[in-house]
Amino acid sequence: MTAEPQTRDPRVPGSGPRPRLLRVLRGSAGIAVAMAVTNVGTYAFQMVAARLLGPSQYGAVAGLMALLMVLSVLQLGLQATAARRIAAAPADVAAIEQTVLTTTWRAALVLGALAVAASPLVWEVLRLDGVVPAVLLGLCVVPVTVMGGQAGVLQGERRWLPLSLVYLAVGVPRVVIGGACLLVSATATSAMLGVLVASWLPVVVGSWALRGRRSDAIVTAHDREVRRDVRRETASSSLALLAFVALSNLDVVVARNVLDDHQAGLYAGGLIVTKAVLFLPQFAVVILFPSMSTAGESRAAVLRGLGFLGGLGAVSVAGAWLLSGVAVEFVGGADYAEVEGRLWLFATLGALLAVLQLLVYAGLAKRGRWTKYLVAAGVVALVVAGGLADSLTGLVVTVAVVDACVVGLLLALQAFRSRTGTETLGG
């Protein structure tokens with residue numbers, strides 16, 4: 001098996017003219033467009049759910065979606081490993097792809113089965129009305145994990161067009177199918193059923209883009225070593241990303257346990273702003289990650305990412321402060337008016353998490369060891385300090401302080417690595 005070229009020239013003779021949209025999607029700009037549309041769709045679903053369910057019921061759905069993010073950490077680990085290895089070692093692309101795609105399906109089925117088995121515990125922790133939403137959450141893990149491995153192969157090869165289509169298939173169907181389910185029945189069960197059905201569509205797109213990827217070549221000793229190393233790196237990357245996902249999502253679970261249902265629902269509504277600020281510029285991480293994994297490009301890629309995310313975060317915080325009335329409509333309308341004056345705090349939280357995410361991926365790009373320890377320490381601090389909060393404002397401030405401390409430590413570690421040229425200590 002041979003990898004397809006990393007880039008494709010739309011001016012190849014005989015190819016004919018292509019629509020402007022396809023030309024855009026074939027370049028890295030297409031990822032920005034696709035992920036922007038995807039994130040708008042994802043958070044449009046959350047806004048629809050917030051409006052149709054109200055604060056108390058929406059708090060339960062927000063908790064389920066936060067746990068889905070935690071459970072889908074293997075997806076992120078598979079994607080990061082595949083993208084980094086293919087970008088850094090294109091000569092081993094066949095062994096890497098086969099290993100990633102095979103491991104992805106096996107891991108997805110095992111993790112999904114474990115999540116379904118744990119559904120009674122999720123039911124109890126999130127104080128759900130029934131166990132069915134928790135079972136549907138477990139089933140969602142399977143397609144979400146598979147999508148990660150597929151996206152990682154496409155990202156590493158810098159095949160931006162099919163990767164853009166995969167991302168579009170993540171967000172748009174979620175709001176369409178999930179919104180339709182909520183209109184039929186405004187319950188947590190309907191919301192999670194819509195998420196489950198929509199989660200299979202990017203898998204279909206990814207399978208089409210990677211069709212025919214089977215190797216009949218003789219497997220050499222080098223290939224076997226590459227595959228073992230890919231599995232080890234996937235495990236290590238997944239641990240680091242698990243720490244980040246936990247740090248960016250467990251606060252809503254903490255809120256469900258330290259605040260009453262109404263206040264927890266308001267907190268979950270405020271987190272819509274947080275997630276928008278975090279994920280809308282996520283395309284920058286996707287585009288820059290292959291460069292961060294390549295010798296000679298890493299430092300400049302990290303600096304570009306920090307400058308872009310820092311500036312965008314400052315603009316987002318100012319916008320949430322000055323346009324709080326518009327922002328609260330974005331969250332869910334009059335039912336969430338109590339949180340309007342504090343939405344700039346949630347925007348600050350999203351800006352910190354966006355920078356933190358970039359620094360986590362900068363560590364993964366160099367297979368560093370320390371990122372997961374620092375972020376894991378932040379998770380412990382979040383749970384302990386957050387558990388002492390007795391108000392919505394107190395909780396969001398506590399979470400922001402914890403995130404700011406972790407960002408500061410990772411920035412210091414990144415500066416140390418840049419100054420010393422160390423490849424493995426800074427991550």
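# Notebook: buried polar residues and helix contacts

**Entry 1: Asn-39.** I began with Asn-39, which lies in helix 2, residues 28-71. I keep in mind throughout that this is a predicted model. Is Asn-39 buried or exposed? I find Asn-39 buried, because its relative accessible area is 7% and the cut-off for buried is under 20%. I then looked up what Asn-39 touches beyond its neighbours within four places in sequence, and found Phe-279 and Leu-280. I also checked the distance to Leu-168, which is 129 residues away along the chain. The C-alpha atoms of Asn-39 and Leu-168 are 9.0 Å apart.

**Entry 2: the chain as a whole.** I stepped back to the overall count. I find 17 helices and 0 strands in the protein chain. The chain has 427 residues, and 55% of them count as buried.

**Entry 3: helix 11.** Phe-279 came up as a contact of Asn-39, and I noted that helix 11 covers residues 261-279. I checked the length of helix 11 against what its residue count predicts. At 1.5 Å a residue, its 19 residues should span 27 Å, and the end C-alpha atoms are 26 Å apart, so the two agree. Helix 11 is mostly covered, with 16 of its 19 residues buried. What caps the N-terminal end of helix 11? I find Asp-260 there, with a side-chain oxygen 3.1 Å from the backbone nitrogen of His-262.

**Entry 4: Gln-357.** I looked for Gln-357 and found it in helix 15, residues 343-365. Gln-357 counts as buried because its relative accessibility is 4%. Setting aside neighbours within four places in sequence, I list Phe-244, Leu-278, Phe-279, Gln-282 and Val-285 as its contacts. Phe-279 is on this list, and Phe-279 is also in contact with Asn-39.

**Entry 5: Gln-79.** I moved to helix 3, residues 73-88, which holds Gln-79. Gln-79 is buried, because its relative accessible area is 8%. Which residues does Gln-79 touch, not counting those up to four places away in sequence? I find Gly-148, Ala-151, Gly-152, Gln-155 and Tyr-167. Gly-152 sits 73 residues from Gln-79 along the chain, yet their C-alpha atoms are separated by 3.7 Å. With Tyr-167 I find a polar contact of 2.8 Å, side chain to side chain.

**Entry 6: Thr-104.** I looked up Thr-104 in helix 4, residues 93-117. Thr-104 is buried, because its relative accessible area is 1%. Not counting residues up to four places away in sequence, Thr-104 touches Leu-78, Thr-145, Val-146 and Gly-149.

**Entry 7: helix 6 against helix 9.** Val-146, a contact of Thr-104, belongs to helix 6 and takes part in its meeting with helix 9. How do the two helices cross? The axes of helix 6 (residues 132-156) and helix 9 (residues 201-209) come within 9 Å and cross at roughly 35 degrees. The crossing is left-handed. On the helix 6 side I list Pro-143, Val-146, Met-147, Gln-150 and Leu-154. On the helix 9 side I list Pro-202, Val-203, Gly-206, Ser-207 and Ala-209.

Key: Residues numbered from 1 in each chain as written. Predicted model: local features only at pLDDT ≥ 70, side-chain atom pairs only at ≥ 80, totals over all residues. Heavy atoms only, no water. Axes fitted to C-alpha atoms, helices over the stretch in contact; angles between N-to-C directions. Helix = DSSP H or I, 4+ residues; strand = E, 2+ residues; numbered from the N terminus. Left-handed = near helix turned anticlockwise from the far one by under 90°. Contact = heavy atoms within 4.5 Å. Expected span 1.5 Å × (residues − 1). Buried < 20%, exposed > 50% of the residue type's maximum accessible area, 1.4 Å probe, protein only. Polar contact = N/O pair within 3.5 Å; in protein donor to acceptor, adjacent residues only side chain to side chain.
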